[in-house]
Amino acid sequence: MEFPRPIQVLLVEDSRDHAVFFTAALGKGFKHTHEVTVVESLSEGFAELSSGHYDLIVLDLGLPESQGLDTLKTFFRAMGPANPVIVLTANSDEGIGEESLRLGAIDFLTKGEFGADQLSRTVRYGLERWRQRRELEEAQRNLKSFAHVAAHDLKSPVKSIGLYASLLKQKAASRDADEEEIEFIEYIESFTEQAEKLVDSLLNFSVLGEKSVELGTVEVSAIAGQAVSNLSALVEEESATVEVGELPLVQADEGLLVHVLQNLISNAIKYRGEEPPLVKVAAMVRGSEVEIAVQDNGRGIDAKYFSRIFEPFKRLSGPTHPEGVGLGLAICQRVVEAHRGRIWVESEQGRGSVFRFTLPMAEASVRPSLGVHCQLG
């Protein structure tokens, strides 16, 4: 990767000896012109980032005001995912490094176990990942424009459906229609109302980006139940079972969270295997975050597609896959990232998939919600 200017590196490291070693090793192994700014605390790092531009942040996990993975979590909470971060850790346990990557770091180095060559390779890799992330952000901006047009064009027909459903209900009542007919019309009204809320959420999101995310304390079990209800026709058609376990409260935009869960559950049913679809929605508290998992017993996904499926307008092709334009998971990723969360997939062909995403835990005390079990067909 070529840079037309000196590369700016911010090193957050409270040990003077380690800072001197890092600067010297980088100077020896990394041939591109660069400048290293050293600060000794997170607060100084935040001040530097607010006043200047840096191409790469190298973050020591052991600092005076923060230790371990909490350091990385604090950094991303304050600065968001917009900065490429390489983690420095004194702990040789690979689990620390792997968890750092899961939290959003682009790489990690163990103190005392790397030299100039490895440091140079790690920095080059980090900068290349940053370039790729920029390209992805551009694709996401294109997606946002598309979502705005799509949501705007959907608003009118959705409102028209609601209007005519209301007129049908009045007409049916005037001729003493049976209860089942009235009930069906009320279903149309209810689903239309939910569709209007979803379109409005997507429209606001596409126009204002992250600022349109209106965070509130959300009961995920209720949201998951609403998503299942929205998919009742698909659930019945595929004889699917959707189980929702005990889910903690989270800080999220209710309308956008419905969209994410509805999309993941819908995909889990559509990409079914030979057995009737079984979808399980569960959650686990991890520190200040909640990790939500949507697990299925479907056909699974080849590991080589794990990144591709989240890209805009990319989808798995072939006769065994449902038709689509490849926007569903891309929008899910955009929504989750707007909540400062992450989304990823774990899967094995023939053994089903688990889509996981994280959201900030509600500030109120965690109160497990009652589980919901839905089986139609």
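Reply: Strands β3 and β6 pair in the parallel sense, and four bridges link them. Two strands are said to pair if DSSP finds at least two bridges between them. Strand β3 covers residues 56–60, and β6 covers residues 85–89; such strands (E, at least two residues), like helices (H or I, at least four residues), are DSSP runs numbered from the N terminus. The model described here is predicted: local features need pLDDT of at least 70 and side-chain atom pairs count only at pLDDT 80 or more, while totals for chains, interfaces and linings use all residues. Residues are numbered from 1 along each chain as its sequence is written, and side-chain values use heavy atoms, with hydrogens and water left out.

Strand β3 also pairs with β1, again in the parallel sense and over four bridges.

The pairing continues from β1. Six bridges join β1 (residues 7–12) to β2 (residues 34–39), and these two strands run parallel. Within that pair, L10 has T37 of β2 as its bridge partner. Together with helix α1 (residues 16–29), β1 and β2 form a right-handed β-α-β unit; right-handed means that, with the strands pointing away from the viewer, the path from the first strand over the helix to the second runs clockwise.

The next topic is the covering of β3. Five of its five residues are buried, where buried means under 20% relative accessible area, exposed over 50%, and partly exposed in between (1.4 Å probe, protein chains only). In a regular strand, side chains alternate between the two faces of the sheet. In β3, L56, V58 and D60 point one way, whereas I57 and L59 point the other way, and all of them are buried.

In UniProt, an unreviewed entry lists D60 for "modified residue: 4-aspartylphosphate"; UniProt positions are given in the numbering used here, feature names are shortened, and annotations may be inferred rather than shown by experiment. In the model, D60 has a relative accessible area of 3% and is therefore classed as buried. Apart from residues up to four places away in sequence, D60 touches V12, E13, D14, T71, L88 and K111, a contact being heavy atoms within 4.5 Å. Within its own stretch of sequence, the side chain of D60 reaches the backbone nitrogen of G62 at 3.2 Å. This is a polar contact, meaning a pair of N or O atoms within 3.5 Å; within protein, one must be able to donate a hydrogen and the other to accept it, and residues adjacent in sequence count only if both atoms are side-chain atoms.

One of the residues touched by D60, T71, belongs to helix α3 (residues 69–79), whose buried residues are T71, L72, K73, F75 and F76. An α-helix has 3.6 residues a turn, so residues three or four places apart point the same way. The helix is followed by G80, which has a positive phi near 75 degrees.

Although V87 and L109 are 22 residues apart in sequence, their C-alpha atoms are 6.2 Å apart in space. The relative accessibility of V87 is 0%, so V87 counts as buried.

To set this part within the whole, the chain has ten helices and 15 strands. It holds 377 residues, of which 44% count as buried. Among contacts between residues at least 6 apart in sequence, 71% join residues at least 24 apart.
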